[in-house]
Amino acid sequence: MLVVFLCLCLAGSIGRSTGVGCYGDIKKVGTTGASCATARQDKLGYCGVRASQQMAATDLVKMNKFKAMMKAVGKKLCVDPALIAALASRESRAGSALRNGYGDGGNGFGLLQVDKRYHKPRGAWNSQEHITQAIEILVSMIKAISKKFPKWSVEQKLKGGIAAYNAGPGNVRNLNVDSYTTGKDYASDVVARAHYYSGKGY
C-alpha cells in the first residue's frame with residue numbers, strides 16, 4: 001500500500017510537541033473500555049475502562065522498552081505516542097503474546113500486528129521501522145474514515161480509524177464503530193488504554 005502522509009495540523013493549533021497529534025486528541029475520545037470477554041483474557045473480574053487501564057498497566061514495564069521509538073514515530077507521523085502504545089498493548093501485549101515475532105495464527109507481525117496477508121512487513125518485529133509501517137497504516141485508516149464520514153467530528157474520525165485498523169474501513173458503518181471489530185470493543189479498549197499511557201509520559 002502506497003500512501004502519501006501529510007500532517008494536516010491547522011495553523012499549528014495541534015503541535016507535535018504537545019503529544020496530541022494531527023488527527024484529534026485521544027484524551028477527548030469517548031470510550032466504554034474493554035468488553036468483559038476481553039477483560040477475561042487477564043482473568044479480571046470487571047470490565048470497562050478500569051479493565052482496559054489495568055491491562056495497559058500490566059504491559060507498562062515491557063512497553064517502556066519501546067517508548068523512545070514510539071515517541072519518535074509519533075513525532076514523525078504526527079500521531080499521539082500514547083495511542084501507539086495502546087495499540088501495541090491491545091495487539092501484542094507489548095510483545096508478550098508473540099511467538100517469534102508473530103501472532104494471530106502466524107498472520108500478524110510484530111508489536112502492532114501488521115497483517116502479512118495485506119502488507120509486506122518491514123523491519124524486525126520490535127523495530128522502529130515496524131512501528132512506522134503500522135502507524136502509516138493507522139493514518140491511512142483515519143484518512144479513509146475521514147473521507148467516508150466527512151461530517152463526523154475529528155475525534156469520531158480518530159476512533160473510527162482505530163476501529164478500521166482492526167476491521168477495515170468497510171466495516172466501520174456508523175458511529176457504533178466497534179460493531180465489527182474483534183470483541184466488538186477494539187477501538188473503545190484501545191482508547192481507554194491510550195488514556196492510561198497518556199498519564200505515563202507517552
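**Close-up views of a predicted model**

View 1. Thr 38 is in contact (heavy atoms within 4.5 Å) with Met 55, Arg 90, Asp 185, Asp 189 and Arg 193, leaving aside its neighbours within four places in sequence. The residue belongs to helix H1; helices (H or I, at least four residues) and strands (E, at least two) are DSSP runs, numbered from the N terminus. With a relative accessible area of 3%, Thr 38 is buried; buried means under 20% relative accessible area, exposed over 50%, and partly exposed in between (1.4 Å probe, protein chains only). The model is predicted, so local features need pLDDT of at least 70 and side-chain atom pairs count only at pLDDT 80 or more, whereas totals for chains, interfaces and linings use all residues. Residues are numbered from 1 along each chain as its sequence is written, and side-chain values use heavy atoms, with hydrogens and water left out.

**View 2. Confidence along the chain.** The mean pLDDT (the predictor's confidence in each residue, from 0 to 100) of the protein is 92, and 90% of its residues reach 70 or more. Over residues 1-18 the pLDDT is below 50, and this stretch has 24 contacts in the model beyond near neighbours in sequence. Where pLDDT is low, the predicted coordinates should not be read in detail.

View 3. Asp 59 lies in the loop between helix H2 (48-58) and H3 and counts as buried, at 5% relative accessibility. Not counting residues up to four places away in sequence, Asp 59 touches Ser 89, Arg 93, Ala 94, Arg 193 and Tyr 197. Asp 59 and Ser 89 are 30 residues apart along the chain, and their C-alpha atoms are separated by 6.5 Å. Val 61, in helix H3, is exposed, with a relative accessible area of 66%. From C-alpha to C-alpha, Val 61 and Tyr 102 are 21 Å apart in space, and they are 41 residues apart in sequence.

**View 4. The largest nonpolar core.** A nonpolar core is a set of buried Ala, Val, Leu, Ile, Met, Phe, Trp, Tyr and Cys residues joined through side-chain atoms within 4.5 Å. The largest one has 51 residues, of which Leu 87, Leu 112, Ile 135, Ile 162 and Tyr 197 touch the most other members. Among the helices that each supply at least two residues of this core are H4 (67-77), H5 (81-92) and H6 (128-148). H6 gives the most, with nine residues. A second, separate core of five residues includes Ala 34, Ala 39, Ala 51 and Met 55.

**View 5. The three-stranded sheet.** An open sheet has the strand order S1-S2-S3, with antiparallel pairing; two strands pair if DSSP finds at least two bridges between them. Strands S1 (102-103) and S3 (114-115) stand at the edges with a single partner strand each, so one side of each is left without a neighbour in the sheet. S1 and strand S2 (residues 108-109) pair over two bridges, and Gly 103 stands opposite Gly 108 in S2.

**View 6. The largest pocket.** The volume of the largest pocket is about 760 Å³. Among its 31 lining residues, the closest to its centre are Glu 91, Gln 113, Asp 115, Tyr 165 and Asn 166. H7 gives the most to this lining, with four residues. On a 1 Å grid over the protein atoms alone, a pocket is an open set of points where a 1.4 Å probe fits, with protein on both sides within 12 Å along at least five of seven lines, and lining residues have an atom within 4 Å of a point. Grid points are joined across faces, edges and corners, and a volume is the space filled by probe spheres set on the points.
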